[in-house]
Every structure is written in C-alpha cells, then in structure tokens.
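Hi there,

Here is the model I promised to send over. Have a look at it first, and my notes follow below.

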Amino acid sequence: MTDTAPLTRPQLRRLLRDARRALTPLQQRQAARGLYRQLAQHPLFRRARHIALYLPNDGEIDPRLLLREAQRRGKRTYLPVLHAWPRTHMVFQRFDAHEPLRPNRFGIAEPVINRKRQRPTWALDLILLPLVGFDEVGGRLGMGGGFYDRSLAYQSRRKGWKKPLLLGLAHECQKVERLTQASWDVPLKGTVSDGGWYLASAPEAATCI
Ligand SMILES: Nc1nc2c(c(=O)[nH]1)N(C=O)[C@@H](CNc1ccc(C(=O)N[C@@H](CCC(=O)O)C(=O)O)cc1)CN2
Ligand SMILES: Nc1ncnc2c1ncn2[C@@H]1O[C@H](COP(=O)(O)OP(=O)(O)OP(=O)(O)O)[C@@H](O)[C@H]1O
C-alpha cells in the first residue's frame, strides 16, 4: 500500500472503499474462503456461543461461510440492525438461517427489527466487525456512521472489559500503516484477513485470550 499518512479520514475511506470494490467476484470468493480457513477452527471462534457478524456490502469481505458454520454448530448468531429512531443507534439481533431480511436505509440486508430477539453487546462473546481500513495495533476505520463505536462505547469505559471480543474482518488490501485514532474509537483485539491474523496484543497475551 502507498503512504496513506497524509490523507484525511474521508480521503482514506474513499481510497480503501474503491480498492475493495475493485476486487473481482473470483477474488471475493477466494478471500471469503481464505477468511473461513483462518477462523473456522480457531479457538476464539470455536469457543464463542453468541457471535455477531454482518452481511457483506460495498466489497466487504464476505463472512457468510462463517455465519452458516456457526449456525450449523448450534451457536447463536446476530446481525446489526439500525434503529429508525434515534438514527444513530444500532442493536444486535438474533438471526437464524432462512429468516426474512429487508434492506436498511443504506441498502444493507438486515432482519426485521424485533426487540425480543435483541441481545445487549456485553452478552455477546464475539463481534466480527466490518471495516474499511485497519492497522496492526487494533485501529479500525469504518463507514463513518459511528454505529459500532457508539454501541460499544459504554463497555469500553468499564475496567477489566473482557467480553465481547472484537475482531475486524478484512481483505489484505484494507491494511494501512497506522490509523489516527479518534477519542471515541473502540480498539479491536485484532483483525483477521484472508491472508492471516493481526493481533493487537503481545503474542504472549494473545495465546491466553
Ligand atoms: N455490512 C455492513 N453492515 C453494517 C455496517 C457496515 O459497515 N457494514 N455498519 C457499520 O457501521 C452499519 C451501517 N453503517 C453504514 C454507514 C454508512 C453507509 C454508507 O453507505 N454511506 C454512504 C452514504 C449513504 C447515504 O447517506 O445514503 C456513503 O458514505 O457513501 C453504509 C453503512 C450497520 N451495518
Ligand atoms: N461513542 C460515541 N458517542 C457519540 N458519538 C460518537 C461516538 N462514537 C462515534 N461517534 C460519532 O460518529 C461519527 C463517525 O465516527 P467514525 O468516523 O469513527 O465512524 P466509523 O467507525 O468509521 O463508522 P462505523 O462504526 O459506523 O463503521 C463521529 O463523527 C462521531 O461524532
């Protein structure tokens, strides 16, 4: 990747979104399979019972193989659902195979909102986050809505926060040298790409999470 340091967040977002949208359908399928191989047998995925994922949009790496695998293994799976009001709010809602989906205001498929099927973020084991850009120290650049940061803000202020584990999912081409972090950015434990793992913690700490 070229030097992205002089770019503003919106400029960097545009560059990286263009890069992931330029991937061919074949490259996307290969990346999705690569991601599945990185995660499906990993203890962090195997141990998690309540997992939030997302449905791919705008060239994002596709986690649907993992979604189906989690459901096959009897795990509970959740998707982000946007609130109509307040418009800045997002929740995680249970999603089972073959459940009907509707496009949200950004055109991303999501389950029909249903309070009874929502789960608070602190009660999730693992959140696999979509991202536009990432770095090796837990930095995440998202679509710019602040939805994930806001839904995790309460927890990130608590001491000794262990759950949920936050892992970004990305194409290799979304990696940048260093992202400047905003005060509200919630750091990731790491990011998994089709090519490998980028854990933000020291390797000795990473083995016991
Ligand atoms: N797959 C997926 N689902 C997700 C997210 C995500 O990043 N990926 N989100 C992560 O937060 C939330 C949705 N956030 C989003 C924020 C901005 C745009 C977006 O396309 N913005 C357009 C302007 C659209 C408009 O205003 O009509 C743009 O910037 O071009 C999309 C999703 C919840 N669900
Ligand atoms: N905890 C928070 N409380 C209030 N506002 C917030 C919070 N987190 C983020 N925001 C607002 O959201 C806006 C977008 O933030 P940012 O650019 O970091 O989004 P993002 O992480 O790229 O998006 P997303 O998480 O939706 O993919 C910011 O301008 C900020 O004002």
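A word on naming before the findings: helices (H or I, at least four residues) and strands (E, at least two) are DSSP runs, numbered from the N terminus. This is a predicted model, in which local features need pLDDT of at least 70 and side-chain atom pairs count only at pLDDT 80 or more, while totals for chains, interfaces and linings use all residues. Residues are numbered from 1 along each chain as its sequence is written, chains are lettered from A and ligands numbered from 1 in the order in which they are written, and side-chain values use heavy atoms, with hydrogens and water left out.

Let me begin with the ligand site. Ligand 2 is surrounded by 15 residues, and the closest are Arg-140, Gly-142, Gly-146, Phe-147 and Trp-184; a residue counts as near if one of its heavy atoms lies within 4 Å of the molecule. By class, this shell holds five nonpolar, four polar and six charged residues. Here Ala, Val, Leu, Ile, Met, Phe, Trp, Tyr, Cys and Pro count as nonpolar, Asp, Glu, Lys and Arg as charged, and the others, Gly among them, as polar.

Taken alone, ligand 2 exposes 640 Å², of which the protein buries 73% (Shrake-Rupley method, 1.4 Å probe; for residues, only the protein chains shown count as cover). Helix H1 (9–21) and helix H5 (147–156) are the elements that give two or more residues to the shell, and H5 supplies the largest share, five residues.

Next, the strands. Strand S3 (residues 90–94) has four of its five residues buried, where buried means under 20% relative accessible area, exposed over 50%, and partly exposed in between (1.4 Å probe, protein chains only). S3 runs antiparallel to strand S2 (residues 76–82), with five bridges joining them; two strands pair if DSSP finds at least two bridges between them. Pro-80 has Phe-92 of S3 as its bridge partner. S3 is also joined to strand S6 (residues 118–119), again antiparallel, by two bridges, and Gln-93 is partnered there by Gln-118.

Ser-193 sits in strand S11 (residues 190–193) and is buried, at 0% relative accessible area. A polar atom of the Ser-193 side chain lies 2.9 Å from the backbone nitrogen of Gly-195.

- A cis peptide bond joins Trp-85 and Pro-86, with omega about -10°; Pro-86 is in the loop between S2 and S3.
- Another cis peptide bond joins Lys-163 and Pro-164, with omega about -5°; Pro-164 lies in the loop between H5 and strand S10 (165–170).
- Asp-58 is not a glycine, yet has a positive phi of about 55°; Asp-58 is buried at 16%.
- His-98, also not a glycine, has a positive phi of about 70°; His-98 is exposed, at 81%.

Best wishes

Key:
Polar contact = N/O pair within 3.5 Å; in protein donor to acceptor, adjacent residues only side chain to side chain.
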